[in-house]
Amino acid sequence: MEFVSQPQPQEHGDQRGNLKDLMIIDNENSDEIVQIQIIHEETNMSTSSETTNKCYLFLLGMNYMLLFIGSISSSLLSKFYFNHKGNSRWVSTWVQSAGFPLLLLPIYSPFYVFKSTHRKPYTNFTPKMLLLCIVIGFFLGLNNLLFSWGNSYLPVSTNSLVLSLQLVFTLITSVIIVKQKITFANLNCVFLLTLSSVLLALGSSHDKPKDLTKTKYFIGFFSTIGAGLLFAIYLPLMEKIYRQVCCYSMVVEMQMVMELSATVLATLGMIINGGFYEMKKEAKNVFDLGEKTYWLTVMVNVLTWQFCFMGTAGMVFLSSSLTGGVCMTALMTVNVLGGVIVFKDNFGLIKVISTLLCIWGFSSYLYGMYKKMEEKKDDSLEKIIIHNEEKNMTTDDA
């Protein structure tokens with residue numbers, strides 16, 4: 001006879017209380033016991049996997065909600081600022097990253113206030129990682145400036161749908177930088193969303209405000225394209241860097257460094273162009289809804305941009321740069337509807353078709369992700385069974 005000890009389950013003990021801690025294996029009943037062992041190990045693996053998946057899905061959902069709220073609110077508030085005679089693109093650029101001190105709360109409170117972690121903030125933060133965050137932060141600041149130029153000239157609906165072009169850029173840069181695998185779902189989604197943007201560009205001449213010249217319109221249009229291209233490079237670069245990150249807390253810490261760098265760039269621009277004096281002047285004499293509404297708009301916009309960028313970073317860390325890009329592009333449809341409802345933007349047939357294509361492409365991508373997750377589950381179960389069979393063959397030989 002051979003004695004094989006079974007580990008006592010730490011959790012769900014009542015559900016599996018009928019399993020014995022010690023099983024006696026003889027040659028006659030070895031096949032039955034092997035099957036029990038396999039089922040027992042598969043149950044433990046399944047329980048652990050379910051717990052991990054719940055935490056992962058909760059964190060993923062939380063970051064998508066941050067992205068959802070931040071993307072819609074920041075886009076509408078930026079347009080609100082320009083619609084009510086706010087005209088400083090440097091102010092609009094500055095508010096996108098100036099809220100970085102808000103990240104101090106999630107960075108330091110878990111260790112110093114709640115005592116919920118043993119990891120000190122910025123542990124394992126190497127000089128190389130710090131340098132990369134600073135450099136990428138400056139590029140992020142340039143992206144913010146281009147976005148402000150585009151948002152100041154284009155209607156919010158046109159601006160949002162043109163930005164969906166960044167998805168095709170993201171697919172290309174993801175293939176080059178992080179070796180993203182190209183699948184039918186990827187290609188179909190990118191094709192549909194790109195077609196959506198092309199249709200919008202061809203029919204957007206009737207969507208221009210009356211006081212917007214053709215020159216300014218094209219400046220806004222190509223500034224938005226440039227912002228999409230820079231952000232498409234930013235996403236896979238961050239995915240590659242995040243592969244060296246040990247936890248979600250480091251993602252928040254890196255995001256703070258990058259936004260600090262972007263704020264330095266925007267602050268220099270504000271100082272050189274008299275942006276801070278212009279901000280005071282706008283609040284008192286220019287903004288047509290009054291000084292209090294002006295500062296409230298600026299402060300809320302600072303907060304919503306933090307939601308947007310933190311949600312994006314979390315999505316890239318928890319999934320991939322391409323998935324983050326797809327989720328952002330899908331929110332463009334909501335931004336379009338927001339622009340139509342809030343600012344009475346024109347919503348003609350071309351925008352209807354563009355919106356439907358956007359929804360179709362995103363749905364196709366989600367279905368592809370679902371199929372991929374199902375395949376991974378099947379592969380994991382098969383590996384468990386093969387591993388146990390090989391282990392038991394080794395035991396029999398011994």
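# A guided reading of a predicted helical model

Of the 398 residues of the protein, 46% count as buried. The model is a predicted one, and its secondary structure consists of 13 helices and two strands. The accessible surface of the protein comes to about 21,400 Å², and carbon and sulfur atoms account for 66% of that area. Among the contacts with a separation of 6 or more, 81% are made by residues 24 or more positions apart.

Helix 9 covers residues 248-272 and has 25 residues. From its first C-alpha to its last it reaches 37 Å, close to the 36 Å expected at 1.5 Å a residue. Helix 9 is followed by Gly274, whose phi is positive, near 65 degrees.

Helix 9 also takes part in a feature of the surface. A nonpolar patch of about 600 Å² is made there by Leu130, Ile134, Phe138, Leu260, Val264, Leu268 and Ile272. Which helices each supply at least two residues of this patch? They are helix 4, which covers residues 127-153, and helix 9. The largest share, four residues, comes from helix 9. Phe138, one of the patch residues, has its place in helix 4. An α-helix has 3.6 residues a turn, so residues three or four places apart point the same way.

Helix 10, residues 275-286, shows another kind of geometry. Helix 10 has 12 residues, but its end C-alpha atoms are only 14 Å apart. That distance is short of the 16 Å that a straight helix would reach at 1.5 Å a residue. Which residues of helix 10 are buried? They are Gly275, Met279, Glu282 and Ala283. These residues cover an arc of only 95 degrees around the axis, which means that they are on the same side of helix 10. The face turned away from this buried side carries the exposed residues Tyr277, Lys280, Lys284 and Asn285.

The next topic is the pairing of charges. Side chains of opposite charge can pair when their charged atoms come close. In this model the count comes to two salt bridges. In one of them, Arg119 pairs with Glu253, and the closest N and O atoms are 2.9 Å apart. This pair links distant parts of the chain: Arg119 is in the loop between helix 3 and helix 4, Glu253 is in helix 9, and the two are 134 residues apart.

Most residues other than glycine have a negative phi, and most peptide bonds are trans. Lys85 has a phi near 75 degrees, a positive value in a residue other than glycine. Lys85 has its place in the loop between helix 1 (30-83) and helix 2 (89-95), and it is exposed, with a relative accessible area of 52%. Asn124 likewise has a positive phi, near 65 degrees, and is a residue other than glycine. Asn124 is found in the loop between helix 3 (104-112) and helix 4.

Thr323 is buried, with a relative accessible area of 7%. Which residues does Thr323 touch, not counting those up to four places away in sequence? Thr323 touches Tyr365 and Met369. Thr323 and Thr170 are 153 residues apart in sequence, while their C-alpha atoms are 9.6 Å apart in space.

Notes. Residues are numbered from 1 along each chain as its sequence is written. This is a predicted model: local features need pLDDT of at least 70, side-chain atom pairs count only at pLDDT 80 or more; totals for chains, interfaces and linings use all residues. Side-chain values use heavy atoms; hydrogens and water are left out. Patches are made of residues with over 30% relative accessible area and no salt bridge: like charges are joined within 9 Å, nonpolar side chains (Val, Leu, Ile, Met, Phe, Trp, Tyr) within 5 Å. Accessible areas come from the Shrake-Rupley method with a 1.4 Å probe; for residues, only the protein chains shown count as cover. A salt bridge is a side-chain nitrogen of Lys or Arg within 4 Å of a carboxyl oxygen of Asp or Glu. The expected span of a helix is 1.5 Å times one less than its number of residues. Buried means under 20% relative accessible area, exposed over 50%, partly exposed in between (1.4 Å probe, protein chains only). The arc is that of the directions from the helix axis to the C-beta atoms. Contact means heavy atoms within 4.5 Å.
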